[in-house]
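Please consult the sequence and the structure while reading.

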Amino acid sequence: MTTNFDEIIDRRNTNALNTDGFRQYIFKADKTMAFPYKDEEFIRMWVADMEFATPQVIIDAMKERLDRRIFGYTMIFSDDYYKAFSGWCQKRYGWIFHKDHLVTSNGIIPALYELVEYITKPDEKVLFLTPSYAYFKYAADHHHREWVASDLINEGGTYRIDFEDLEQKAADEKTTLLILCNPHNPTGRVWSSEELRKLGEICIKHNTWVVSDEIHCDLLRIGQKHIPLAKLFPEYDRIITCMAPSKTFNLAGLMFSNIVIPDHELRKIWKHRHYGFDNPLSIAAAQAAYEKGEPWLEELQVYLDENFAFTKTYLSEHLPKARFEISEATYLAWVDVSAYFDQAEDLPLFFANKAGVLLEGGNMFVQNSDRFIRLNLACPRSLLEEGLKRIGEAVPLEKEV
Ligand code: LCS
């Protein structure tokens, strides 16, 4: 391995949400909120960015762009970016899309907010699977659209879609948009081709639009395969695919993502209404990521697989009643701690106060997530070890009733 993923990198004084924004994001509190730990003493296993350096090939590409010295208004005009990103999709996912269908956005969430507005009318509803990344709900709330959730079924720690429930909800003629997380945050499921086919067929039957948020698709456990939903339904124009280099290469702050919109009319609305400039450094970074980032990603996958195996062993030895299956994708571990905690326990607050660990959990994932914690494992092994140790020591061994 040429990359040193064990390196601990100082993020202080970089305006990182991860180090400085947890009071607001997790606890909806201001800077007066106090803990028994100093900020720098926390083990941070919460927001979905990584403690690893962005690959050097990407930093070099940004430096080259810096050396061009002018940073005027920028948008993608040349074919080079399309070639890099579509080459990546073709090689890794066997998925080809038309060049004209690709637009870019300053993040997938901003795109999602726009798409909800462009696709749904005020009296229409947005459907998604729960537990869910909360911004799917926020996107609906933001535009005053009603949202409908279909709870995933948890069978001994493995999640599956309740197709009967999903179909019933999709059949409501007011439900016009499904936001799919493929692979799924927070459960880490990589949806199989059979599951995606079934889901797609339901949407086609009811003419439902789908925004398939595939931001986690590159971060697979070794041996897993990602299938873009749109690849299975090339004739159905109502599937919008969102992918980004941000999670994969730790570039979230560069605010750059790919949105593939096959429907001509929707693309017209997007082009008319979207503020279409991009950051020149972000374009350079994204292009380099797709052209040169693969060897680094393959090393990252090995390290993450080991972090998952380590977590599995640690939890089975120290918290044997916690239920945890190694995620098929993402660097996020989704752990059922219901054997140890009461429904009413605020888990992020408990672990911040009692363990000095920042994590997400419980109602941060809309619904169907009570008494679960989500641990971000994209960190050096020494930090992971310390975080798990603190969690293990803080958990009450018997549930208080
Ligand atoms: N979509 C999903 C499914 C995500 O998990 C995230 C980030 C985003 C979109 C953000 O996309 P962006 O706007 O940055 O392009 N997920 C996070 C999470 O679970 N905790 O912190 C961030």
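**Strand pairing, ligand shell and backbone geometry**

Q: In E8, which residue is the bridge partner of Leu-177?
A: The model is a predicted one. Strand E7 (residues 175-181) runs parallel to E8 and is joined to it by 5 bridges. Within this pairing, the E8 residue that partners Leu-177 is Trp-209.

Q: What is the handedness of the β-α-β unit made by E7, helix H8 and E8?
A: The two strands of the unit, E7 and E8, run parallel. Helix H8 (residues 193-205) belongs to the unit along with them. The β-α-β unit of E7, H8 and E8 is right-handed.

Q: Which residue in E9 stands opposite Val-210?
A: E8 also pairs with strand E9 (residues 239-243), in the parallel sense and over 4 bridges. In E9, the residue facing Val-210 is Ile-239.

Q: Which helix gives the largest share of the shell around the ligand?
A: The residues around the ligand number 15, and Ile-108, Asn-185, Asp-213, His-216 and Arg-374 come nearest. By class, the shell has 8 nonpolar, 3 polar and 4 charged residues. The largest share, 3 residues, comes from residues 108-119, which form helix H5.

Q: Which strands stand at the edges of the open sheet with a single partner strand each?
A: The open sheet has 3 strands in the order E11-E14-E13, with antiparallel pairing. One side of each edge strand is left without a neighbour in the sheet, because each has a single partner strand. These edge strands are E11 (332-336) and E13 (360-361).

Q: Which residue in E14 stands opposite Asp-336?
A: E11 and strand E14 (residues 372-376) run antiparallel and are joined by 5 bridges. In E14, the residue that stands opposite Asp-336 is Phe-372.

Q: The side chain of His-184 reaches the backbone oxygen of which residue?
A: His-184 is located in the loop between E7 and H8. His-184 counts as buried because its relative accessibility is 1%. At 3.0 Å, its side chain reaches the backbone oxygen of Pro-131.

Q: What is omega for the cis peptide bond that joins Asn-185 and Pro-186?
A: Most peptide bonds are trans. The bond from Asn-182 to Pro-183 is cis, with omega near 0°, and Pro-183 lies in the loop between E7 and H8. Pro-186 is in the loop between E7 and H8 as well, and for the cis bond joining Asn-185 and Pro-186, omega is about 20°.

Q: Is Lys-28 buried or exposed?
A: Lys-28 lies in the loop between helix H2 (22-27) and strand E1 (43-44). Its phi is near 50°, a positive value in a residue other than glycine. With a relative accessible area of 64%, Lys-28 is exposed.

Methods:
Residues are numbered from 1 along each chain as its sequence is written. This is a predicted model: local features need pLDDT of at least 70, side-chain atom pairs count only at pLDDT 80 or more; totals for chains, interfaces and linings use all residues. Side-chain values use heavy atoms; hydrogens and water are left out. Two strands pair if DSSP finds at least two bridges between them. A crossover is right-handed if, with the strands pointing away from the viewer, the path from the first strand over the helix to the second runs clockwise. A residue is near a molecule or strand if one of its heavy atoms lies within 4 Å of it. Ala, Val, Leu, Ile, Met, Phe, Trp, Tyr, Cys and Pro count as nonpolar, Asp, Glu, Lys and Arg as charged, and the others, Gly among them, as polar. Buried means under 20% relative accessible area, exposed over 50%, partly exposed in between (1.4 Å probe, protein chains only). A polar contact is a pair of N or O atoms within 3.5 Å; within protein, one must be able to donate a hydrogen and the other to accept it, and residues adjacent in sequence count only if both atoms are side-chain atoms.
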